[in-house]
Amino acid sequence: MNDKKITLSYIAKKANVSIATVSRVLNGNSRVDEKIQNKIKKIINSDGYNIKKSTKKIKQIISVIVPDITNPFFANIIEGIENTANLYGYHIILSQFKENKDIINKYFKDIRNIGVSGYIIIPTIGSTEHFYDIINNKENIPAVFLDRKIDIENINYIGSDNEIGAYNATKYLIDLGHKNIIYMAGPKDISTEKERFSGFIKALNDNNIDFNYDKYYKIANFNFDESYEQMKNIIKSKLDYTAIFSACDVMCFGIKKATEEYNISIPNDISLIGYDNIPFSSIIGLTTVSSQTYEMGKNAVLSILNLINERITENINIILQPNIIIRNSCKKI
């Protein structure tokens with residue numbers, strides 16, 4: 001009988017699976033599909049093969065997939081992911097897919113060849129179909145979705161209570177005496193935007209304040225340039241308002257740029273409140289809502305580790321509670 005030595009990478013290539021999957025089978029991990037287990041064991045046992053012990057430690061890797069790495073909102077999430085992963089001896093591979101199905105499909109194919117322990121994904125508009133293969137991967141590698149919800153059942157999800165965050169932000173403006181409040185909206189199809197607008201309207205309704213949708217609802221798609229243009233149009237329209245609730249901080253920067261050009265003071269002339277508490281918000285003294293982004297990233301890694309080690313078998317659903325960060329962009333009237 002032959003006594004051939006083979007490596008984990010050889011087995012993975014022959015079985016068309018990742019090195020991590022081979023490692024799981026050798027360690028008796030039951031999460032791997034039975035057919036794949038049998039296939040790997042057959043390769044190992046055939047022709048008298050023995051496993052060659054590698055002197056290199058197999059890297060423990062988490063794949064982090066975001067729509068756009070230039071979006072500052074994701075910075076704190078990624079920091080929470082990376083710091084927590086490093087604490088437990090894991091590395092991350094960061095990738096953006098720019099709303100492109102071809103990119104995500106190629107990335108998924110490439111990442112399987114590298115071998116990862118888990119996926120952490122922040123989806124965006126219309127991205128549901130991009131992730132079916134990742135969720136239903138044959139290696140049973142766990143995936144956790146962050147911040148934005150997608151229309152797929154039985155997924156692992158970690159997010160923030162956007163409705164209560166927007167409700168509390170709007171109530172804060174109302175308590176300062178504001179009634180004519182402009183709502184600067186993000187993309188309608190993103191779950192976080194839907195929840196924030198719902199919380200905004202609920203706060204107005206609970207305080208018997210009517211909202212004129214045609215006048216006070218402005219879409220800027222979480223975009224600096226679009227919010228800048230929208231704000232210039234608002235100023236030129238002579239609309240009667242005293243405050244603006246912006247569904248994300250990035251749009252607040254566009255709003256502030258326009259107000260400065262027209263010598264409108266925040267908060268002396270109008271009050272402004274944002275959402276997300278991105279790293280630069282404190283520089284302009286922006287009152288905003290913190291989504292607990294760092295904690296989101298931290299919880300995502302801890303959840304992945306629990307799933308890998310089978311400490312949790314049920315689907316994960318963690319909703320963090322937001323809080324208002326009060327600075328100096330809002331004023332009592």
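## The parallel sheet

Six strands make up an open sheet in the order 4-3-5-6-7-13, and the pairing within this sheet is parallel; strands here are DSSP runs of E with at least two residues, helices are runs of H or I with at least four residues, and both are numbered from the N terminus, while two strands pair if DSSP finds at least two bridges between them. Strand 4 (91–96) and strand 13 (317–320) stand at the edges with a single partner strand each, so one side of each is left without a neighbour in the sheet. The twist from one strand to the next averages 15°, with axes taken as lines fitted to C-alpha atoms, for helices over the stretch in contact, and angles running from 0 to 180 degrees between N-to-C directions.

This is a predicted model, in which local features need pLDDT of at least 70 and side-chain atom pairs count only at pLDDT 80 or more, whereas totals for chains, interfaces and linings use all residues. Residues are numbered from 1 along each chain as its sequence is written, and side-chain values use heavy atoms, with hydrogens and water left out.

## Strand 3, strand 4 and the helices on this sheet

Strand 3 (residues 61–66) runs parallel to strand 4 and is joined to strand 4 by 6 bridges, with Ser 63 standing opposite Ile 93 in strand 4. Helix 4 (residues 73–87) lies across strand 3, strand 4, strand 5 (118–121) and strand 6 (143–146), and runs at about 155° to strand 4; contact means heavy atoms within 4.5 Å. Helix 12 (residues 293–308) also packs on the sheet, where helix 12 touches strand 3, strand 5, strand 6, strand 7 (156–160) and strand 13, its direction making about 165° with that of strand 6.

Another open sheet of 6 strands has the order 9-8-10-11-12-14, with mixed pairing. Its edge strands are strand 9 (217–219) and strand 14 (323–325), each of which pairs on one side only, and neighbouring strands of this sheet are turned by 20° against each other on average, direction ignored.

Strand 8 (residues 181–185) pairs with strand 9 in the parallel sense over 3 bridges, and Met 184 stands opposite Lys 218 in strand 9. Helix 11 (residues 249–261) lies across strand 8, strand 10 (243–246), strand 11 (271–276) and strand 12 (287–290), running at about 150° to strand 11.

## Aromatic pairs

The count comes to 13 aromatic pairs, where rings of Phe, Tyr and Trp (its six-membered ring) pair if their centres lie within 6.5 Å, and planes under 30 degrees apart count as stacked, over 60 as edge-to-face and the rest as tilted. Phe 197 and Phe 200 form a stacked pair, 6.2 Å centre to centre with 25° between the planes, and both lie in helix 8 (residues 191–206), 3 residues apart, about one turn of the helix. Phe 197 is buried, with a relative accessible area of 19%, and Phe 200 is buried at 0%; buried means under 20% relative accessible area, exposed over 50%, and partly exposed in between (1.4 Å probe, protein chains only).

Phe 200 also forms a stacked pair with Phe 245, at 5.8 Å centre to centre and 20° between the planes. This pair links distant parts of the chain, with Phe 200 in helix 8 and Phe 245 in strand 10, 45 residues apart.
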